[in-house]
Amino acid sequence: MIRLLNVSMMPPGVGQPVLRNLTLTVPKGEFRWLLGPSGAGKSSLLRLLTLETRPSAGQMDLLGVSVSQASRSTLRNLRRRIGFVPQDYRLIGEWTVFDNVALPLRLRGASERDTRREAFAVLEWLDVVHLADKRPGTLSGGEQQRAAIARALIGRPELLLADEPTNALEDAQARRLLSTFQELVDMGTTVIVATHNEALVREAPARSIVLRDGTLADPAPQDEPALHRSGTL
Amino acid sequence: MSAPVSPGLRSGSLPLLVALMTLLAGLSLAGLTGVQILAEGWSSAARNATTIEIPSDTPQLEDRTHTLIQTLHRTAEVTNVRELSPQQVQTLLAPWLGQVSSSGHLPGLSLPVVLIVAHTGTPDLGAVVHEALPEAVVEEDRRWGERLNGLGSSLVACAWLAVSLIAAIAVLSVGMTVRRSVMAQRKAVEIVHFLGAGDLTISSRIAGRAALLSLAGGLTGLLFLSPVITMLARKLAPFSHETGPALPTNTWTDIFASWWATLHVLPRMLLEELGALPLIAACLGWMTAQTVVLVWLRRLP
């Protein structure tokens, strides 16, 4: 589960906080859209949740760990339980797609046999298994995005975060990805997806975290039972 | 090849850099060994010898000199007493008193009798000589020995300082190279960090590569050094007691055996130190890279 209590975030060198007094809870095995206009703080919230930065103030608990007081080794272990699809893919250019995708399992110490089996399974599911030996630089945006999604999905993370994961995908692929998210949620994974794609949100209505100017636009509804829950999610 | 879990080290220049440092360190070590041997030789020679001068106007010079020599022979720790011939004394004094005349004598000067006493330990020869022949002057070479020892120690310290400086420069160069490499791969390092790679996982991969490149550099440096060391060994060969028979040089094995036999003239310690240089370079490379990367990673949350 995710619990933020009066969390603020002020990056160094920036005069004002990019997130202010954010309080929200996302229970285990739930899906949330992360919505808001550009500059609202969606990326900053994702940076907090992916542990790229720590809150400047407030209390943040992630998967049962208090992040504010956690040691480096605790944060390292916590990161291995989180899958993230960044908007810029963040694939390592010198490595093959297979090595990029296999990385989270290798870091967890999985055997090479299991790693290969799972990596090829997820690559095949995302229809990029033929790209396993290619370098990311030689791929199209959509292919890179699918490789990044494969890396986030491998090993079934307990928390899956995605920043605009469908912006380079075709409609059919986007729908397929949403159904995968649904499967993960059914297996107990907490999923948060940041998007500007209103059509996608309409297609799969679910509860949302809406940010505006670094704070919750409408803090009350997101803690209530599914107001809009009528679609696949 | 092992599965990648972290970016490696990018540096084409590191082996060359380490090779040059190894070359410099090898030359310094050779110099250091030479100075150590020289200092030890000076010190030992001076420490174990005493010069006794008996003025030429001493009454009954010949008999009393003979008596003194007998007394010295009986003294504990004295191993040898040698009386210099007048020609040897003249040769000894020529640099200060000018050329010896054609007759073989220095003009207007009667030469003293000079005894060189070799001994072990530190016998009190002053008391022995004073009792037997009070006119004699005892020149304790030990004082010169101490001065030479001091000079030798200073030279050895300078050589060690040079070796330490080279090591420091090597560490600094490897550190800067590793840092540049990490900065060039900053994005990849951050990706693996945020996917949960441990600091030691990241640093060990880079340090392992740095150690390997440093080892390669060290071996190359040793290769650069071998002609210089071989030349030094050939220069030293005539002074060595271990000049074995010349080996045939028909095959590469013979050539190598001959080269190896030449090197054996050099002190064993120097050969061991030179042999250890690539390993030392690899260790320094590994430790420096580990430190640099671990410190750099501290800035990440």
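Predicted model: local features only at pLDDT ≥ 70, side-chain atom pairs only at ≥ 80, totals over all residues.
Axes here are lines fitted to C-alpha atoms, for helices over the stretch in contact, and angles between them run from 0 to 180 degrees between N-to-C directions. Read in that way, helix α5(A) lies across β6 and β7 (159–163) of chain A and runs at about 170° to β6(A).

**The four-stranded sheet of chain A**
- Four strands of chain A, in the order β2-β1-β4-β5, make up an open sheet whose pairing is antiparallel.
- At the edges of this sheet stand β2 (19–26) and β5 (65–66) of chain A, each of which pairs on one side only.
- Strand β1 of chain A, residues 2–9, is joined to β2(A) by five bridges in the antiparallel sense, and within β2(A) it is Val26(A) that stands opposite Ile2(A).
- Helix α1 of chain A, which covers residues 42–49, lies across β1, β2 and β4 (57–62) of chain A, and its direction is at about 120° to that of β1(A).

**The six-stranded sheet of chain A**
- Six strands of chain A form an open sheet with mixed pairing, and their order is β6-β7-β8-β3-β9-β10.
- Its edge strands are β6 and β10 (215–216) of chain A, each pairing on one side only.
- Strands β3 (residues 31–35) and β9 (residues 208–212) of chain A pair in the parallel sense over three bridges, with Ile209(A) in β9(A) as the bridge partner of Leu34(A).
- In general, the strands of a sheet pair through backbone hydrogen bonds, in either a parallel or an antiparallel manner.
- Helix α6 of chain A, residues 171–186, lies across β3, β7 and β8 (190–194) of chain A, running at about 150° to β8(A).

**Cavities**
- The structure contains two cavities of 30 Å³ or more, and the largest cavity has a volume of about 70 Å³.
- β6 (82–85) and α5 (141–153) of chain A are the elements that give two or more residues to the lining of the largest cavity, and the largest share, three residues, comes from β6(A).
- The residues lining the largest cavity include Ile82(A), Gly83(A), Phe84(A), Arg151(A) and Ala152(A), and Leu195(B) is also among them.
- By class, this lining has seven nonpolar, one polar and four charged residues, with Arg79(A), Arg80(A) and Arg108(A) among the residues of the lining.

**Chain B and its record**
- An unreviewed UniProt entry lists residues 154–178, 210–233 and 276–297 of chain B under "transmembrane region".
- In the model, residues 154–178 of chain B are 100% helix and 0% strand, and the end C-alpha atoms of this span lie 36 Å apart.
- Residues 276–297 of chain B are likewise 100% helix and 0% strand, with 31 Å between the end C-alpha atoms.

Conventions
Residues numbered from 1 in each chain as written. Chains lettered and ligands numbered in written order. Heavy atoms only, no water. Pairing = 2+ DSSP bridges. Contact = heavy atoms within 4.5 Å. 1 Å grid on protein atoms, 1.4 Å probe; cavity = no way out; pocket = protein on both sides within 12 Å on 5 of 7 lines; lining within 4 Å. Points joined across faces, edges and corners; volume = space filled by probe spheres on them. Nonpolar A, V, L, I, M, F, W, Y, C, P; charged D, E, K, R; others polar. UniProt positions renumbered as here; feature names shortened; annotations may be inferred.
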